[in-house]
Amino acid sequence: GLTDGLAENLGWVAAPGESDRKRALRGLMLRARGTLGQDPETISLARSLIASGAESDAEVADAALSVTAAHGDLDDFDRFIAMSESAATPQLTVKYLRAAAQVPDTEVPRRILDMVFDRRIRSQDAFWVLAVLIGQKTTGATTWRLVTGHWDAVMAALPPAHRYRILDNLKYRSEPDIVESLPAWFAAHPIPGSEKAISQRIEMVNVRAGLRQRESERIGEAIRSARSDGLP
């Protein structure tokens, strides 16, 4: 496809004097090929780059980290957490912590929540880390159920001004049981001063849930038809 062709042409190494736009495009294409496309060669090369610790273009390094995290396991999670805790700059701390939160193992939400409670994850980072987890395809529903099961403790661990921000990616949850529970949940568990923000997020959830209900069967049939025709 177009992504494969662009990724092949751009390769993994930036040439001297390349424009920032071309470097950014390379990173975007490698990330798309390894995450959305799940290309085995791209995943393998990304893993090798992260494992080696070799210097590389920043866009390529970020793409390799994203691809590795998207296909990671608990060993990768532990490595990213260690890299975050030993990072030389706050920016690297955030980058590796975000990668850890993107590992698609269902054990990750519990480990992250434990780290929030024991303050291994700083309170100023906890809200966005939980938001990332809640938005994840594989672990998001598990995270939301854990968060609601420990709601008071979660709220206590977050800066008051940022508590509602854990809901930033709630819009990606379209599981019927979660969607149906939200109005009653927030009626019983309000976040003071965030009523409008919560209402907006519930509205976005309902829009996505409606799309899932209307289109999932049609999209599934289109994918099955494409595969039967020999398309990737």
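In this predicted model, the largest nonpolar core has 55 residues, and those that touch the most other members are Ile-112, Trp-144, Trp-151, Ile-166 and Phe-186. Helix 8, which spans residues 123-135, supplies the largest share of this core, namely eight residues.

**A residue of the core**

- When neighbours within four places in sequence are left aside, Ile-112 is in contact with Phe-77, Ile-121, Val-129, Leu-130 and Leu-133.

**A buried residue in a loop**

- Thr-139 is found in the loop that lies between helix 8 and helix 9, the latter covering residues 140-149.
- Thr-139 counts as buried because its relative accessibility is 0%, and the cut-off for a buried residue is under 20%.
- Again leaving aside neighbours within four places in sequence, the contacts of Thr-139 are Val-103, Pro-104, Asp-105, Thr-106, Pro-109 and Leu-133.

**Helix 4**

- Helix 4 runs over residues 58-70, which makes 13 residues, and from its first C-alpha to its last it reaches 18 Å, close to the 18 Å expected at 1.5 Å a residue.
- At the start of this helix, the backbone nitrogen of Glu-59 has a side-chain oxygen of Asp-57 within 3.0 Å.
- The buried residues in helix 4 are Val-60, Ala-63, Ala-64, Leu-65, Val-67, Thr-68 and Ala-69.
- These buried residues pack against four helices, namely helix 2 (20-34), helix 3 (40-52), helix 5 (74-85) and helix 6 (90-101).

Methods:
Residues are numbered from 1 along each chain as its sequence is written. This is a predicted model: local features need pLDDT of at least 70, side-chain atom pairs count only at pLDDT 80 or more; totals for chains, interfaces and linings use all residues. Side-chain values use heavy atoms; hydrogens and water are left out. Helices (H or I, at least four residues) and strands (E, at least two) are DSSP runs, numbered from the N terminus. The expected span of a helix is 1.5 Å times one less than its number of residues. Buried means under 20% relative accessible area, exposed over 50%, partly exposed in between (1.4 Å probe, protein chains only). Contact means heavy atoms within 4.5 Å. A polar contact is a pair of N or O atoms within 3.5 Å; within protein, one must be able to donate a hydrogen and the other to accept it, and residues adjacent in sequence count only if both atoms are side-chain atoms. A nonpolar core is a set of buried Ala, Val, Leu, Ile, Met, Phe, Trp, Tyr and Cys residues joined through side-chain atoms within 4.5 Å.
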